[in-house]
Structure formats: structure tokens, C-alpha cells
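Here are my notes for a colleague who is new to this structure. Please read them with the model open beside you.

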Amino acid sequence: MPRDTSATLAFVESPVQLLNVLEWAHSPGPLLDGVPAQQRPEAPDLSGLTVVVLSPTDPMSRGQLRRMAELARDAGTKVRWEEARGGLTAPLHTIGGLTPMLRRADRIVMGDPFSRYVQLLLTVSRARDLVVVDDGTATMEFVSQLARGERLVRWHRRGSRAGVRDLAFAPVSAAARRRLTPSRRRSVEVFSAMPVEAPEGVTVTANTFGWTRAGFGPPRLTKGADLVGTSLVETGVVDPDSYLAAVEQLARTHGVTRYFAHRRESAEKLHTLHARTGLEVVRPDLPLELIARRGPVGRTILSFPSTVVHTLPLALAGTGVRVVVCDIDPRWLTDKASPRAQGFLDGVTGAARRAHGLARVAA
């Protein structure tokens, strides 16, 4: 059956989330009596889908989101841009303005169930259908925590002790977790490119990047290799000097010519990286899955453990591009890194190798 997008409200806070909302909307619907749905011969009607962009503050994310919003509108989706973080009173104005839409929506699609903003909005909604689309590798952690009945905590948060803000927000977070638990009155779907095992009652639908592959590329391949950057330094997980040394060695060993910067990487770090390695630093204006599919792109793409080691093999299927994953050495981790960090990163690498047969290298 075609995907039903009527009376649907989606909340996104990053370009990748918006891309995956579009992939969800263009994908076949869930299984019907155990029989896979047939691909639709024509584009679906997305007039019933409204995407609300809860705009972040960093310029790179905002720029990519504006480009993605253009693509969403071209696909027939309504897009509402909210300056959700534009001052102390912005959240109150945003939630107040969205409340009527939340009350009317039959389905809520969200990219980040860990987001306090999204958790707060969930408590206002009456929707009977909830959908979580990928916000990167965090989806794997969300599904695991939901299955264990744990509070929702991002994997890179150090320790398990709740802070003052966590305690103050705990009732809202607990209510959101209950809403994200399926029941007789409420369905929950996870639309993911990640290898996740669904808790009882949760429907998992595979994201194969069909919309991306149909609309972009295939790319022209270049002779050199490309390296995908990561924000592990910015999140306090990896030591900056260790990271720069690893990039330098990978570039020298594998003939890397371009470095695709993560949208959260600091300008200072990227300037130092360029000075030390001579790599061309590229600031993508769209999610990397679209950039790589559009091309030109290297015949080999190297990446540290991140979302793209799961998504690029799908988006670039049949193009001849080889994706290689680079391990994170435990010695690179900072004393601020969560005790769970190494295990989680190793899990991302191992899952990608099993799912896509990726080669692995060390730096």
C-alpha cells in the first residue's frame, strides 16, 4: 500500500532528519498481512504532510536545512520554519503556535526522540501514530533504551547521574518515553537504515534511500579518495591532537584529497587540519548522502564510526564507490568521554561491517 501521509506533522532539527522524513514519505507503507507493499509507479501525494523545522543556531546546520526545505517543498510538502531557539521566550512562542496543529495531527514523525524540545511537544500531541526516523547512529541507542525501559540519554553523555536540569525535566522525559511505547491505542514505527532490533510492538521499516537514488546521480567518480569528518572532537569524545594526527596519517596512506567536514566541526579545527594536511576542506550544503550521490566523489570514501558508514553504502549502491570504516583507537578518547563511548563506537563499526561488508582500517 502507498504510504499514508495525511494529517501528518513532522519535527526536524537537522538536515539528515529532514532527508529521512522525505525518504519515509516516499517509501512503501508497512507490511500488509506479512506481504511487502509494492513500489508506487508515481510520486506520492505529500500535501497532507507538514514539516516543522525547529531551527538550530549554528550556521552550517541552518544553511543545509534551508536547502533541504527547498527540496521538501519541491516534493509537495508544506514546510514551516520555526526560530525555536531565538531567545528566552522563543520556546513558549513556538509551542503555543504549534499547539493547534499538534492537537489535529493523527501522526507525528520525529527525527530525534532524545530532543527535549520534541519530548515536550509529544506531551501536547494526541496523535495515535508515532514515527521515529533516523537521526544517525543515535537511533540504535534509542531502540535499545526503549527495549530496556530506560530513560532516554544520548550515548556520549558522561556517566548516568542526572543533573539539575535533567531532574527538572524528568517528568516530561518520562511522559515522552511512555508515549513512545506502543500500546493498543498507539502505534510506533522506526524508519531506519541502521541495524536495529525492534522492541515488542514496534514496527521497523528499512530505509533504503530509494528517493535519493531515484532523484540524484549516479555520480562521476574521481581518482582520489575522500575522507568524511566527524564531530567527535566537538562533543568531547576524542582528543583534538589525536584526531588531527589520525587524519594526517589516513590522508598520506590512502591518497585522500578531500575532507568532507561535519556540519558541527569548528572553523578553527578545520583551518588547522588544512594547514597540517593540505587537504581540500569541503563544507557540504546538503547531507552527505545527497552530495555523494550527486558527485563527483572519490572511488573510495573513508569514514570514522558514524551514521554514514551505514547510509552511504545504501545511497551509493551500484555506483562502484567503496566505503571504508576507520577505527577509533581507545587512546584517542578524552577523560570527558562517556564510559560507554568505546563500546558504542565499536558497535557502530562492527554493525556496518556485518551489514555492508565494509573494509576496516586503523590510523
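**Notes on the predicted model**

1. Start with the contacts. In this predicted model, residues 24 or more positions apart account for 70% of the contacts in the protein with a separation of 6 or more.

2. Next, the overall build. The protein holds 12 helices and 13 strands. Its radius of gyration is 20 Å, close to the 21 Å that the globule rule gives for 363 residues, so the protein is as compact as a globular protein of that length. The C-alpha trace spans about 55 × 55 × 40 Å along its principal axes.

3. Then burial and surface. Of the 363 residues, 55% count as buried. The accessible surface of the protein is about 16,500 Å². Carbon and sulfur atoms contribute 51% of that surface.

4. Look at the open sheet of 6 strands. Its order is β10-β9-β8-β11-β12-β13, and the pairing is parallel. Which strands stand at the edges? They are β10 (280-282) and β13 (359-361). Each has a single partner strand, so one side of each is left without a neighbour in the sheet. From one strand to the next, the twist averages 30 degrees.

5. Strand β12 (residues 322-326) runs parallel to β13, and 3 bridges join the two. V324 stands opposite A359 in β13. Strands of a sheet pair through backbone hydrogen bonds.

6. Helix α1 covers residues 15-26, 12 residues in total. From its first C-alpha to its last it reaches 17 Å, close to the 16 Å expected at 1.5 Å a residue. Is α1 mostly covered or mostly open? It is mostly covered, with 11 of its 12 residues buried. Among the buried residues are P15, L18, L22, W24 and H26.

7. Check two cis peptide bonds. One joins G217 and P218, with omega about 5 degrees. P218 lies in the loop between α7 (210-215) and β8 (221-228). Another joins G295 and P296, with omega about 0 degrees. P296 sits in the loop between α10 (288-294) and β11 (297-303).

8. Check two positive phi values as well. A7 is not a glycine, yet its phi is about 50 degrees. A7 lies in the segment before β1 (8-12). Its relative accessibility is 31%, so A7 counts as partly exposed. F209 is not a glycine either, and its phi is about 60 degrees. F209 is found in the loop between β7 (202-206) and α7. At 1% relative accessibility, F209 counts as buried.

Technical notes:
Residues numbered from 1 in each chain as written. Predicted model: local features only at pLDDT ≥ 70, side-chain atom pairs only at ≥ 80, totals over all residues. Heavy atoms only, no water. Pairing = 2+ DSSP bridges. Helix = DSSP H or I, 4+ residues; strand = E, 2+ residues; numbered from the N terminus. Axes fitted to C-alpha atoms, helices over the stretch in contact; angles between N-to-C directions. Expected span 1.5 Å × (residues − 1). Buried < 20%, exposed > 50% of the residue type's maximum accessible area, 1.4 Å probe, protein only. Rg over C-alpha atoms; globule rule 2.2 N^0.38 Å. Contact = heavy atoms within 4.5 Å. Areas by Shrake-Rupley, 256 points an atom, 1.4 Å probe, with all protein chains shown as cover.
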